[in-house]
Amino acid sequence: MTFALPALDWWAIAPMLVLVLTGCATLVAELVRGDDAGRAPLAWLTVAGASVSGGIALGQWDDPARLAFSDMVSSDRFTLFFTVLFLVVTCVTVLFAFEQLRREDFHPGEFYPLLAFSTIGMVLMAAAADLVITFIGVELLSICLYILVGFSRRRREPEESAIKYLLLGSFASAFLLYGIALVYGSTGTTSLACVGRALGAPGGLVGACEGAVATGSVATGMLLAGIGLLVVGLGFKAALVPFHSWAPDVYEGAPTAITAFMSVGVKAAAFAALLRVFLVAFPTLAPDWSVLLAVVATVTMVTGNTVALFQRNIKRMLGYSSIAHAGYLLVAIVAASHAGAASLLFYAVGYAAMNLGAFAIVVVLGRAGEERVAISDYAGLSQRQPLLAALMATFMFALAGVPPTVGFVGKFYVFSAAVDAGYVWLALAGLASSVASAYYYLRVVYQMYMVDPKEVVASHSPHRWVSLVATVAGFAVIALGVFPGGIIGVATASTSFVR
Amino acid sequence: MIDLLWLVPVLPLAGAVALLAGGRRLGRGAVVATGTGSVALAFVVAAGAVTDLVANGPAMRGVEVHLFPWLAWGSGSDAVTVAEAGLLLDPLSALMILVVTGIGTLIHLYSSGYMAGDEGFARYYAYLNLFTFSMLVLVLANNLALLFVGWELVGFCSWALIGFWFERKAAAAAGQKAFITNRVGDLGVLAALFLVWANWGTFSFHALPGSTLPGVLDDPARVLATPLVALAIPLLLLLGVTGKSAQIPLFTWLPDAMEGPTPVSALIHAATMVTGGVYLVARVHPLFDQSPEAQLVLGTTGAVTAFVAATIATVQVDVKRVLAYSTVSQLGFMVLGLGAGAYGAAAFHLMTHAFFKALLFLGAGAVIHGVASQQDLRKMGGLIRYMPVTAWTFIVGWLAIIGVPGLSGFFSKDLILARAFGRGLVDPAFLVLFGVALVTVGITAFYMSRLVFLAFLGEYRGGSVHPHEAPPSMLVPLVVLAIGSIGAGWVGIPPFLLGEAGHATVIEQFLAPATLATGTWEGTLDHSTEWIITGLSVAITLAGAGLAGVAYLGEGPISPVVTELVAPFRRLFAGRWFVDEAHGALVIRPLARVASFLASVDVGVVDGAVALVVAGVRGIGALLARLQSGYVRGYAVTMLVGAVAVVASAWALR
Amino acid sequence: MEFLIFSAVAAIAIAAGLLMVLQRNAMYSALFLVVVFFCLAVIYILLGAYFLAVVQVAVYAGAIMVLMLFVIMLLNVAWPEPDDRVLGLLRPLGATAAVTFAMLMAWALAGTPGLPSPLPGTSLPVGAAMTLGRVGEAQAGHVQEVAVTLFSKYLLPFELVSILLLAAILGASVLARKRPDHA
């Protein structure tokens, strides 16, 4: 038996390596600096590491697409696109968390390493060329999140949320694993491209598929069950209905920084994984699963938008809103086309801008020990903080899909991809539910602009970095709505593996 | 100047940005100069561009100005533009930009007097400029997607301006109502947008089937829509029209929108934004020409709205509400014209209405300004003695709207009547609509006369408040608009009145390249029929006005028999035909019930059942507490049920 | 013979699993879990994955279970009695859903022919052999095989799991640090 190390293509996973180093460095730095001294340096160390990682990812843009480490991960533009997106989300989360941790007087020692590691999990989900890696990515992300969700010294809700998330997350992981096993059992391989080839998909980046059994594009019961279970497992992370029930509770209970991280980053990661799995491994079975996903998407959009109407807590409202947006994103996968995939990437970017912006405002308005997350807390904000109110209004209108914001353009791309794929009814259902959504987004704006403040709140100076995030996000929301061409071009180039 | 067309929308936008950014630091004079100046400049550029367009000769076609690709697919050189940011100047949009910038300038100027004492002066001007920009995007867009951007933006500005005085609860609520109601209409437009995309793969107006305009995207081999889609698209657009242009069943937001400042009512809720729906139909009329059924629905909506709104106007006591219902009614006339396929006539009425209705609103604003914010007609009277300029210009507007021969409203309203009658010769249903419209003409004369008699004639009933005339900054626009209200109709004098042959008026000929219905009826009546229609409408107008004179100028009490007779009608009209109640009972409450049911079920199909049991046992309070407690076991069961459903349907749906 | 053993062990595993979930007493639950682990180890042996079987017994049944038992005994956890009115409905529904799910899976797998044999002339990958045990006598399941596979084909996942474990340790330290604060 000869033993040969596989080709070690370190460069292909360099962005992740940098994140590993960053996580370890923050861990060690915390030990060196002691308990309370190293707060700001840890945050900046994380941001610096993420920036280096992102820089490397950008530098790899023109590298040839390839599989690395025995065909376990793909290093292609899709991976890089999401890597950069995740890193931006991580940096923003660091800025949010820095503000919150300072306020809550909480020890950041483990926070930043866990954040860095969870980012690695997300990158793995996008980069996975093998279901084994998808699973490890999901688990790495989940383990870190279980802790991050419960991260608070002063309040009890985070812990409750964390336990809920842990129990249900483990449940979902079991479904995911079972699904992977059934897919393996049906095709003899866990490599996405090899599964695709076994099911009759043409070409693409395929490694050595030893053991894969060509079954043709006929879905057996076992395979369909496996696909269904993958939908359950990944749908949990994406908060698709009916696997969403944890989301509002967890979003409400978690520290706002982590809520933002989950609603944007984790969701994008789940969709990156869904897209990889369904459009690399199962493209030939699209007729079998697209109707299923279309139904799930419809139920998700309708449920999210309806239940959001009844929320009084802004984090909970944004939680249901993010469920609705998961429905829109799923529409892009239903289209099962290159256009659909590109529109998903575009929407992910746009959604990141809108939602991170909204959460930035939520963070800024919070105060020590008191998050101020009732929607009625926003009453009269336009008089106290006109700029913040204007930004929040922009984000709300964008989330509602009012042109000329990125929210409108994103929905336009997603739904027209669905229409092109023949799903006119799905597009109409999405439109109807998104129109209804205006009602609850507008309620926030109404509070800010048309209701007098309940109490005179001593205006405290908002954290400059978080305000900067909100401003940049506001700018992006408009700019991407007027000039979407650049991002859609990049998104198209990043999804060339979809046919 | 056509090359500079982009400046037309950009100038007001620049004004809005400048005012939003630096408004607080600018003095009032500077704010007025920035706000009014930018729109006035836009008017100058627009006028120059239209002159250039006219110079292209009688066969003038649309001129497109391409700015930048907006919505595109693909990357780099492979990118395919789906919808560009591009402007289309043709006779129809030329008319619209002149109206928007021209009347917009006057209303900006007027506002400097009307809003003089207001705290949010700069904010007001910023919104007003932003609105002007949005409206210009709406009318200049060269494709449906960009038009929709303008469509939504004007809705946003309308919301902001209605709720401008948000200290008044009613104002804030009215803003909400306007926005939400319009979202319902927007759904129609969006759905139509995607159906157009699904069928023709383009949003460009040029490439619409049956378009009279040439375009690079035109393709004779284009697949025609199926009959169902050919009917669905116009009907969905009609839903948008009923929202934006306040038609039945979505018209109730417009009277409530009167909570906004009066110049806003004049600009947005009378002259420009609410005509957006009319413009939309005229713009994409080939889609309507394809479907006579949709046209009939359109025409019926218009005629019925005109009638219903006019009846409601007869019993309103708030001067602005009378005018609001009058606007709804007049928009109904336009929509009737559209339904009859007379797009040119509808656009003509749109223009004349912009003049006289802006005049009436600004006049009403001057009155309100002069009597210490009193809007109740019962507390006015005899104002002609205190504010002669306002009164006389208002009287011009009154004569114009009721259609006294020679003034603008006479020509445009009669043109619509004539076209509706002509359509009736081929499609008898339109004869009924014509009849309804004719009756409405009489009611219009009645309620407008009532308004004038109650406000300006008779004795002053306002008690201790001493009315005073408005400042010059408000009077100048009134005078200009009064001149327009008289003269604007002269471009549409029908040939038979001038003793000439032919049928099409000058304005219709001008608009023809953009609005001529293709492949459908082209109105031809003989001149004697036209004389009869005109005679009838003038007679009915005089009758309506005379009746108002008897009722409101006559001495002594009205006979109790008459009072008894009209009482049930008064109740119906005063109750606004109970449309709001119908919305509540038929749409809003059922929807709310469904939504709250969904919300209670959401916590899990399982949990929903559990919730019902618990609710039964311990009451609603416990239910809510339980729903929020987030019961993990319930969630897990939900997931399991979901997993069963997904795996089972993966099977069933393959 | 193989089939008989498999059926018996699988049945015991399922039964023990159910008992573990249904037990009110945490100690008993833990002990039934040990039974499940042992059954799994037997199934691994049947599949020819000897190394995995040994690891299963040593690590799970041995180390982890002992740890869990310690924790249960030390904490002396009292399980709160859940609201019976709520559970009353949830339980049958959950059970129905679970049974339906099991039947669905059984149906899906029964309707599927077993994995076709690899094409003649190719051999199953070691990874597959490790879990599927199709290679029979040859070499599958031996420590060396597992090691080679782990450090070649599955090198990246193997290394990534180390990060996962690091994250888990960090999490444990966060939880540990948190406790006193709440008192």
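Predicted model: local features only at pLDDT ≥ 70, side-chain atom pairs only at ≥ 80, totals over all residues.
Two residues are taken to be in contact if their C-beta atoms, placed from the backbone, lie within 7 Å. Leaving aside residues up to four places away in sequence, B:Ala514 touches B:Gly62, B:Asp90, B:Pro91 and B:Leu92. B:Ala514 itself sits in helix H20 of chain B, which covers residues 506-515. With 26 other C-beta atoms within 10 Å, B:Ala514 is buried, because 20 or more is what it takes to count as such. B:Ala514 and B:Leu89 are 425 residues apart in sequence, yet their C-alpha atoms are 10.0 Å apart in space.

B:Leu89 leads on to a pair of strands. B:Leu89 belongs to strand E2 of chain B and stands opposite B:Val63. Strand E1(B) and strand E2(B), the latter made of residues 80-89, pair in the antiparallel sense over 9 bridges. Together E1(B) and E2(B) make a hairpin with 6 residues between them. In the turn, B:Gly74 has a positive phi of about 85°.

E1(B) also turns up at the boundary with chain A. Here 50 residues of chain B are in contact with 57 residues of chain A. On the chain B side, the elements that give two or more residues are strand E1 (63-73) and helices H5 (144-162), H6 (169-200), H23 (579-602) and H26 (632-652). By residue type, this side of chain B splits into 33 nonpolar, 12 polar and 5 charged.

Now for chain C on its own. Its secondary structure amounts to 7 helices and 0 strands, and 21% of its 183 residues count as buried. Among contacts in chain C with a separation of 6 or more, 49% link residues 24 or more positions apart. One helix pair can be followed in detail: H2(C), residues 26-46, and H3(C), residues 50-75, pack at an angle of about 175° with their axes 8 Å apart. Angles over 145 degrees count as roughly antiparallel, so H2(C) and H3(C) are roughly antiparallel to each other. The residues that meet include C:Phe37, C:Phe38 and C:Tyr44 from H2(C), and C:Tyr60, C:Met65 and C:Met68 from H3(C). The contact of H2(C) with H3(C) is made up of 21 nonpolar residues, 1 polar residue and no charged ones.

In chain A, the peptide bond from A:Pro403 to A:Pro404 is cis, with omega near 5°. A:Pro404 lies in the loop between helices H15 (386-400) and H16 (406-420) of chain A. A:Ala239 has a positive phi of about 60° although it is not a glycine. That alanine is found in the loop between H8 and helix H9 (246-253) of chain A. A:Ala239 is also buried, with 29 other C-beta atoms within 10 Å.

Chain B has its own cis bond, from B:Ile248 to B:Pro249, with omega near 10°. B:Pro249 lies in the loop between helices H7 (227-244) and H8 (253-256) of chain B. B:Ala246 lies in the loop between H7 and H8 of chain B too. Phi of B:Ala246 is near 50°, a positive value in a residue other than glycine. B:Ala246 counts as buried, with 31 C-beta neighbours inside 10 Å.

How far can each chain be trusted? Chain A averages a pLDDT of 88, and 93% of the residues score at least 70. Confidence in chain A is lowest in helix H14 (residues 381-384), at a mean of 82, and highest in H4(A), at 95. For chain B the mean pLDDT is 82, with 89% of its residues at 70 or more. Confidence in chain B is highest in helix H13 (residues 319-339), at 93, and lowest in helix H25 (residues 620-629), at a mean of 43. Over residues 209-223 of chain B the pLDDT is below 50, and this stretch has 32 contacts in the model beyond near neighbours in sequence. Residues 604-630 of chain B also have a pLDDT below 50, with 42 such contacts.

Conventions:
Residues numbered from 1 in each chain as written. Chains lettered and ligands numbered in written order. Axes fitted to C-alpha atoms, helices over the stretch in contact; angles between N-to-C directions. Helix = DSSP H or I, 4+ residues; strand = E, 2+ residues; numbered from the N terminus. Parallel < 35°, antiparallel > 145°, perpendicular 65-115°, else oblique. Nonpolar A, V, L, I, M, F, W, Y, C, P; charged D, E, K, R; others polar. Pairing = 2+ DSSP bridges. pLDDT = per-residue confidence, 0-100. Buried ≥ 20, exposed ≤ 12 C-beta atoms within 10 Å, placed from the backbone.
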